[in-house]
Amino acid sequence: MHVVYERCAAIDVGKDEIAVAVRMPGDGPEGRVTVKRTFRTFYGVMGEAARWLVSLGVTHVAMEATGVYSMPVYYALVEHGDFAKVLICNAAHVKNVPGRKTDYADAEWLAHLLECGLLAGSFIPPAEIKDARDVVRYRAKVVRQRVSEIARIADLSMALEGRFGDHHALMCRLHLDHIDHLEAAIARLDARIEQMMEPFQCWRDLLATIPGIGQHAAAAVISEIGVAVAEFFPDDAHLASWTGLCPGNHQSAGKRRSGKPRPGNTHLQTLLVECAWAAVRHDGYLKSLFHRHVMKNGGYRSSTAKKKAIVVVAHAMIVIIWHVMVTGKPYHELGAGYFASLQDPERETRRLIARLQALGHTVTLDPAA
C-alpha cells in the first residue's frame, strides 16, 4: 500500500506498560523498518517515550481506545511531544488478524494501518471541555447518591411505623447528615459548572431553546460533545451513531440482520432520554413524535412501546442538537400538527406559505401548466 506518513508510531496500551512500534524509512522490505520498545506507564516514563519518538522524527502517533488507560498516554504525548496528530482509535476498527496476539504485534499492526492513512481518530474534547465533563459527570453521580439517601429514609419511615427507638433515630440522623453533605457538594459543583460554562454561554442558551433541555442539561451536552460539533461530526447521523441512539446497520447478502445499536456514549444517552421524557410533557413536535411511535408499537398500555418511542425522541433530540450547534440558530418548533400536515398537502402548503411570509417573503402561487 501507498505510504502516507513516512515516520509514524503506534502504541499498544496496557495497565503496567506500553508497547511502541515505530515505522520509518530503512533497509527492510520495501525500504521500511519497524523499531520496537516498551515503556512503563508512569507519567515521567511516558514523557521519556514522547521525547524518544520526537528524536526519531515521528509526526503521527496512534493508539487503541482503552478507557482510562489510554488517556494518560495521550496527554503525555501531547504535552511532551511535538506531533502533527495523536489519534485514539476505536478498538473495533483496528482489530488485528486472529492469532499471533502479542503487544508488539498489536502495535506493529496499528503502525502499518497508520502509515497508510487508514486510521481515523475518535473525538477527544479540548482540555476545558474535558474538565467540564469531569465536573458534570461527578455532579450527576452525587445527585444519584442523594436520591438514594432520600429513598432510604422514605423506606425507613414506612418500615418503622409504630416503633422508633434510639437506634432508628441515629440511623435517620446519619442519613439526613449525609443528605446535607451531598446537597452542599452539589451546590459547590453547580457554582463550578457556572464558572466553566461562561465561555460557552451563547451555545448553552441556544441548546436551552430545545424542549426538555434546561441550563443544567445544556451544560452537560456541551461537556460531552463540545461546541465545534461540525469539526468532529460531519453530519447529524455521525453524532447520533457516536451517541449510540440509532439502529445498527448490518446488512449481508441482501438481508438486514440485527439492528442492535452500538454502545455509544452512555452518559449522553442517559441524559437525552431524561430530556426526552421532559420534552414529551409539552405540546409540540417531539410530543407528536412520541405519540406516533407509541401507537405504532402497541399503544400506551405497553411499557415496551413507550420505551421504544422515548428512544426515538432522544434520537430526534440529538439530531436537533447537531443542527442547532452547527447553524447557530435557536430551535424552531414544527408544531403538534406536523405529522397531520404531512398527510394533508393543502394544509402543508398553507403552513409553508405562512412560514415564508413570517420571514418577510411575498408568496405567489401559479397554477401548473
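This is a predicted model: local features need pLDDT of at least 70, side-chain atom pairs count only at pLDDT 80 or more; totals for chains, interfaces and linings use all residues.
User: What does the secondary structure of the chain come to?

Analyst: The chain has 14 helices and seven strands. Of its 369 residues, 37% are buried.

User: How should I read the contacts by separation in sequence?

Analyst: Take the contacts with a separation of 6 or more; residues 24 or more positions apart account for 62% of them.

User: Now helix H1. What span does H1 reach, and what is expected?

Analyst: H1 covers residues 43–55, 13 residues in total. From first C-alpha to last, H1 reaches 19 Å, close to the expected 18 Å.

User: Which residues of H1 are buried?

Analyst: Start with the general idea. An α-helix has 3.6 residues a turn, so residues three or four places apart point the same way. In H1, the buried residues are Met 46, Gly 47, Ala 49, Ala 50, Trp 52 and Leu 53.

User: What covers the buried residues of H1?

Analyst: The cover includes strands E1 (8–13), E2 (17–25), E3 (32–40) and E4, along with helix H2 (70–80).

User: Which residue follows H1, and what is its phi?

Analyst: Gly 57 follows H1, with a positive phi near 80°.

User: Next, His 60. Is His 60 buried or exposed?

Analyst: The cut-off for buried is under 20% relative accessible area. His 60 has 12% relative accessibility, so His 60 counts as buried. His 60 lies in strand E4, residues 60–64.

User: What does His 60 touch?

Analyst: Leave out residues up to four places away in sequence. Then His 60 touches Tyr 5, Arg 7, Cys 8, Ala 9, Ala 84, Lys 85 and Leu 114.

Technical notes: Residues are numbered from 1 along each chain as its sequence is written. Side-chain values use heavy atoms; hydrogens and water are left out. Helices (H or I, at least four residues) and strands (E, at least two) are DSSP runs, numbered from the N terminus. Buried means under 20% relative accessible area, exposed over 50%, partly exposed in between (1.4 Å probe, protein chains only). Contact means heavy atoms within 4.5 Å. The expected span of a helix is 1.5 Å times one less than its number of residues.
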